[in-house]
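I opened a notebook on this model to record what I looked up. My entries follow the display.

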Amino acid sequence: LDIGVSVGRAEINADSRSLADLMSAADMACYAAKEGGRNRVRAFIGGDEELEQRREELGLGERVASAMVAGRMSLAVQTARALHDDLPVLAYQELLLRSFDADGRPIPTGLAVAAAERMNMMSTRLDRWVLETACAHLASGRVRGDARHIVAINVSAQSLCDESFLAFALE
């Protein structure tokens with residue numbers, strides 16, 4: 001058996017807020033050690049910009065997951081129309097993800113997607129939600145999709161590489 005060890009540790013000092021915060025910091029340090037090549041030790045020390053960013057992303061990922069569960073997500077329709085009716089495509093509609101935190105404030109989509117990718121939520125949750133919702137919009141007539149009206153959604157590279165996502169999309 002090949003056994004690897006990655007260790008994450010957190011500094012306990014006068015600024016330490018709670019046991020939960022310390023455990024969270026140690027956990028982030030451990031994941032950073034694994035990403036750094038495994039068999040490493042990584043310490044979370046106040047002021048470590050990389051780990052502070054990771055903490056923000058983790059919190060953002062939790063906000064995105066919460067928004068999905070609570071129904072605070074939607075697809076916005078952005079339409080581009082043809083300048084002439086004689087063109088093969090009359091309208092191009094792109095469905096864009098929008099998510100909101102518990103206070104109703106928008107979560108920036110680029111940051112939300114980056115956090116979801118880091119938490120491996122794209123192909124298992126977020127892109128599936130987008131695809132299901134897009135299909136529901138097409139079925140209800142909210143968006144029109146046919147030979148002259150193109151409807152596009154964005155999916156992550158994680159989803160494109162996930163065979164189970166392809167099966168889900170075809171279903």
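This is a predicted model: local features need pLDDT of at least 70, side-chain atom pairs count only at pLDDT 80 or more; totals for chains, interfaces and linings use all residues.

**Entry 1**

Residues are numbered from 1 along each chain as its sequence is written, and side-chain values use heavy atoms, with hydrogens and water left out.

R9 sits in strand β1, residues 7-10. I take helices (H or I, at least four residues) and strands (E, at least two) as DSSP runs, numbered from the N terminus. Which residues does R9 touch, not counting those up to four places away in sequence? I found A26, A29, V41, R42, A43 and F44. Contact here means heavy atoms within 4.5 Å. I also checked R9 against A169: they are 160 residues apart in sequence, and their C-alpha atoms are 41 Å apart in space.

**Entry 2: a nonpolar surface patch**

V41, one of the contacts of R9, belongs to strand β2, residues 41-44. Is V41 buried or exposed? V41 counts as exposed, because its relative accessibility is 58%. With L1, I3, V5 and V7, V41 forms a nonpolar patch on the surface. Together these residues have about 590 Å² of accessible area. Areas come from the Shrake-Rupley method with a 1.4 Å probe; for residues, only the protein chains shown count as cover. Patch members have over 30% relative accessible area and no salt bridge; like charges are joined within 9 Å, nonpolar side chains (Val, Leu, Ile, Met, Phe, Trp, Tyr) within 5 Å.

**Entry 3: the largest nonpolar core**

I turned to the interior. In soluble globular proteins, nonpolar side chains tend to be buried together. The largest nonpolar core here has 20 residues. V64, M73, L75, L97, L126 and W129 touch the most other members. At least two residues of this core come from each of α2 (49-70), β3 (73-81), β4 (91-100), α3 (109-118) and α4 (122-140). I define such a core as a set of buried Ala, Val, Leu, Ile, Met, Phe, Trp, Tyr and Cys residues joined through side-chain atoms within 4.5 Å.

Leaving aside neighbours within four places in sequence, L97 contacts M73, S74, L75, T109, L126, W129 and V130.

**Entry 4: T109 and helix α3**

T109 lies in helix α3. T109 is partly exposed, at 28% relative accessible area. Apart from neighbours within four places in sequence, T109 is in contact with L97 and R98.

Which residues of α3 are buried? A112, A115 and A116 are. They lie on the same side of α3, because they cover an arc of only 100 degrees around the axis. I take the arc from the directions from the helix axis to the C-beta atoms. The face turned away from the buried side of α3 carries the exposed residues G110 and L111. Just after α3, N120 has a positive phi of about 55 degrees.

**Entry 5: salt bridges**

I counted a salt bridge where a side-chain nitrogen of Lys or Arg is within 4 Å of a carboxyl oxygen of Asp or Glu. How many salt bridges does this rule give? The count is 4.

The side chains of D101 and R63 meet in one, at 3.6 Å from N to O. This pair links distant parts of the chain: D101 is in the loop between β4 and β5 (106-107), R63 is in helix α2, and they are 38 residues apart. D101 is buried at 6% relative accessibility, and R63 is partly exposed at 34%.

D103 pairs with R105, the closest N and O atoms being 3.2 Å apart. D103 is exposed, with a relative accessible area of 63%. R63, D101, D103 and R105 are linked in a network of salt bridges.

R144 forms a salt bridge with D146, with the closest N and O atoms 2.9 Å apart. D146 is partly exposed, at 35%.

Methods:
Buried means under 20% relative accessible area, exposed over 50%, partly exposed in between (1.4 Å probe, protein chains only).
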